[in-house]
Amino acid sequence: MNKFKENAFKSVTYIASLFTILFLFGIIASIFLEGLPLFNFVKIKDFIFNTAWHPTHDPPDFGILSLIIGSLYVTLGALIIALPLGLGSAIYISEIASPRGREILKPIIELLAGIPSVVYGLFGMTFLSPMMIKVFGIPTGLNVFSASIILGIMVVPIISSLSEDALSTVPKNLREASFALGANKWETIIKVVVPASKSGILSSVMLGFGRAVGETMVILMVAGGAAQIPSNIFQPVRPMPATIAAEMGETVIGSPHFHALFGIAIVLFLITFLSILITEFFINRKKSQ
Amino acid sequence: MNIRKIKAFIGVNVLRLFIAITFIFLLVFLYVIFAKGGKMISWEFLTQSPRRFMTEGGIYPAIVGTFWLTILSIGFALPLGVLTAIFLTSYAKPAWLVRIVRVAINTLAGVPSIIYGLFGLTVFVQLFKFDVSILSGTLTLGVLAMPMIINASEEAIKSVPRDFREASLALGATERQTILRVILPTALPNILTGTIISIGRVAGETAPILFTAATFYTRLRPTSVFDEVMVLPDHIYALMTEGSHAAKQMPIAYGTAVVLLALVLFVSGVAIIIRYKIRKKRKW
């Protein structure tokens with residue numbers, strides 16, 4: 001009887017963990033099953049490398065290059081903003097702040113991570129965008145630059161908390177050896193601690209990349225929504241997640257446009273999956289060192 | 001002052017500047033939201049339905065919708081997540097299965113929320129024929145919350161000292177008894193704080209329920225899990241992008257944002273304080 005209970009409980013935990021695989025499989029299957037039928041209408045090459053996205057024209061154009069480039073622009077912009085802010089905060093919290101300062105700063109960064117993206121979107125639409133128009137004298141404030149700023153702030157907590165974990169695992173004796181050689185605090189940080197935690201920092205950046213490239217509400221509300229390759233950072237773009245979110249509600253289920261939106265989801269999934277693999281690679285490299 | 005000292009001085013202050021920029025942005029952000037939305041908050045706003053095409057009235061149905069979606073999806077994800085964490089920490093065999101489960105969890109954690117929305121649309125709304133409903137939204141959000149809850153639970157279980165487990169096993173308790181009576185009760189407070197933080201995240205998610213649960217406007221309170229609902233985050237988005245009275249809708253959007261933000265910050269704040277207290281009290 002007892003043996004039976006043991007095995008029953010054990011089996012339940014196994015079954016529960018199989019659900020994670022089932023869910024992932026379900027996600028992959030659903031986007032591929034609904035996305036692949038598109039290629040009965042459009043060649044894969046044209047889908048990826050054509051820049052014209054006119055899904056409602058007759059005949060429609062399903063080229064997503066400008067959407068991919070839009071995604072990469074805002075993501076890159078977000079990382080340019082988030083990397084110094086996030087890594088800077090991490091180094092400050094881990095190496096310079098007093099224990100008391102650390103206990104105050106860490107939870108605030110964590111609270112920042114919990115702010116709903118739609119509220120950031122509202123802020124970007126109604127506050128940041130009018131401000132951009134006034135400051136830079138540009139026709140629209142909903143553009144690559146605005147979206148990058150807000151996305152960047154959203155990525156700061158990810159880079160900050162993971163980099164801080166990486167910095168805090170650097171052994172104490174490395175720091176002490178550096179001090180003993182006559183280096184001051186700053187030199188120790190820049191030449192010893194940061195290089196020693198390079199893998200962890202890089203994996204935090206990759207995770208931030210994955211988060212930024214897939215974030216939907218902010219870019220839907222702040223990136224402007226024009227499917228074009230921008231010639232400067234003050235032009236609107238239509239990144240991939242925004243296209244899916246904006247158009248899924250208006251399309252007929254089963255139409256080429258419907259399948260094309262799932263096709264975008266496949267591309268988006270592959271990009272995030274690649275970023276996850278690279279993250280894993282950095283983490284494993286750190287472990288094997 | 002030699003050159004090394006100057007470099008160090010500049011470097012440390014640049015770091016201070018970076019952290020200050022982050023906090024100034026956060027303060028401006030919170031100030032704008034609360035200053036513009038705070039004056040909308042009244043008893044009527046919280047307890048009444050929207051009127052006149054979303055230009056008047058309150059957001060009560062959206063509060064109710066967010067409440068149910070969040071509670072139900074966590075109720076779905078919590079048992080599955082904790083059991084998976086037990087598998088990963090206590091049984092963890094065979095190694096290849098552990099590896100696959102870990103890859104699945106990490107990938108699920110990184111999948112963009114809009115893809116969760118498409119998954120919910122194809123599987124729950126269309127395949128299972130749940131339609132756009134609380135049930136579809138709950139399941140979609142539940143799957144999204146699972147990796148968060150698994151990671152939090154795993155951390156919590158790992159922080160239980162090995163001695164506890166070994167002492168229990170040495171007293172003749174079985175593996176199952178050790179897990180259920182020693183390890184889980186010890187890890188429970190940390191599992192719960194992790195769960196509360198996930199509640200905050202789930203309550204603010206917009207994209208996954210855009211096509212699976214949310215509707216722009218309903219006067220009715222949901223009567224079953226097959227009804228579609230209004231929810232706070234999607235209500236903000238809808239007010240900013242749909243309807244034809246932008247000037248009248250914007251203040252309501254701000255008011256809704258204040259309610260959502262206050263809810264999420266309150267919930268996460270509670271979790272952070274509880275965790276801080278647990279850490280102080282812990283004797284091992």
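Mentor: Let's go through the chains, their interface and a few backbone details.

Trainee: What should I know about the numbering and the cut-offs?
Mentor: Residues count from 1 along each chain as its sequence is written, with chains lettered from A and ligands numbered from 1 in the order written. This is a predicted model, where local features need pLDDT of at least 70 and side-chain atom pairs count only at pLDDT 80 or more, while totals for chains, interfaces and linings use all residues.

Trainee: What are the ipTM and pTM scores?
Mentor: The model has ipTM 0.92 and pTM 0.92.

Trainee: And what is the mean pLDDT of chain A?
Mentor: Chain A has a mean of 91, with 99% of its residues at 70 or more. pLDDT is the predictor's confidence in each residue, from 0 to 100. Chain B averages 89, and 95% of the residues score at least 70.

Trainee: Which element of chain A has the lowest mean pLDDT?
Mentor: That is α4(A), at 87. Helix α3 (residues 65-96) of chain A has the highest, 95.

Trainee: OK, folds. How many helices and strands are in chain A?
Mentor: Chain A has 12 helices and 2 strands. Both kinds are DSSP runs numbered from the N terminus: helices are H or I with at least four residues, strands are E with at least two. The order in chain A is α-α-β-β-α-α-α-α-α-α-α-α-α-α from the N terminus.

Trainee: What about chain B?
Mentor: Chain B has 11 helices and 2 strands. Its C-alpha atoms fill a box of roughly 70 × 70 × 35 Å along the principal axes. For chain A, the C-alpha trace spans about 75 × 75 × 30 Å.

Trainee: What share of each chain is buried?
Mentor: In chain A, 48% of the 289 residues are buried. In chain B, 48% of the 284 residues are. Buried means 20 or more other C-beta atoms within 10 Å of the residue's own, exposed means 12 or fewer, and partly exposed is in between, with C-beta atoms placed from the backbone.

Trainee: Switching to the interface. How many residues of chain B are in contact with chain A?
Mentor: 65 residues of chain B contact 65 residues of chain A. Contact means that the C-beta atoms, placed from the backbone, lie within 7 Å. On the chain B side, the largest share is 16 residues from helix α1 (residues 3-38) of chain B. That side divides into 45 nonpolar, 14 polar and 6 charged residues. Here Ala, Val, Leu, Ile, Met, Phe, Trp, Tyr, Cys and Pro count as nonpolar, Asp, Glu, Lys and Arg as charged, and the others, Gly among them, as polar.

Trainee: At what angle do α4 of chain A and α11 of chain B pack?
Mentor: Helix α4 (residues 99-114) of chain A and helix α11 (residues 246-281) of chain B pack at about 145 degrees, axes 10 Å apart. The axes are lines fitted to C-alpha atoms, for helices over the stretch in contact, and angles run from 0 to 180 degrees between N-to-C directions.

Trainee: Which residues make that contact?
Mentor: From α4(A), A:Pro107, A:Glu110, A:Leu111 and A:Gly114 take part. From α11(B) come B:Val264, B:Leu265, B:Ser268, B:Gly269 and B:Ile272. By class, the contact has 5 nonpolar, 3 polar and 1 charged residues.

Trainee: Now α4 of chain B. Which of its residues are buried?
Mentor: In α4(B), the buried residues are B:Val101, B:Ala104, B:Ile105, B:Thr107, B:Leu108 and B:Gly110.

Trainee: Why does B:Ala104 count as buried?
Mentor: Because B:Ala104 has 23 C-beta neighbours inside 10 Å. B:Ala104 touches A:Thr20, A:Ile21 and A:Leu24, leaving out residues up to four places away in sequence. B:Pro147 is 43 residues from B:Ala104 in sequence, and their C-alpha atoms are 9.0 Å apart.

Trainee: What is phi of B:Ala92?
Mentor: Near 50 degrees, a positive value in a residue other than glycine. B:Ala92 is in the loop between α3 and α4 of chain B. B:Ala92 counts as partly exposed because it has 13 C-beta neighbours inside 10 Å.

Definitions and conventions:
Contact = placed C-beta atoms within 7 Å.
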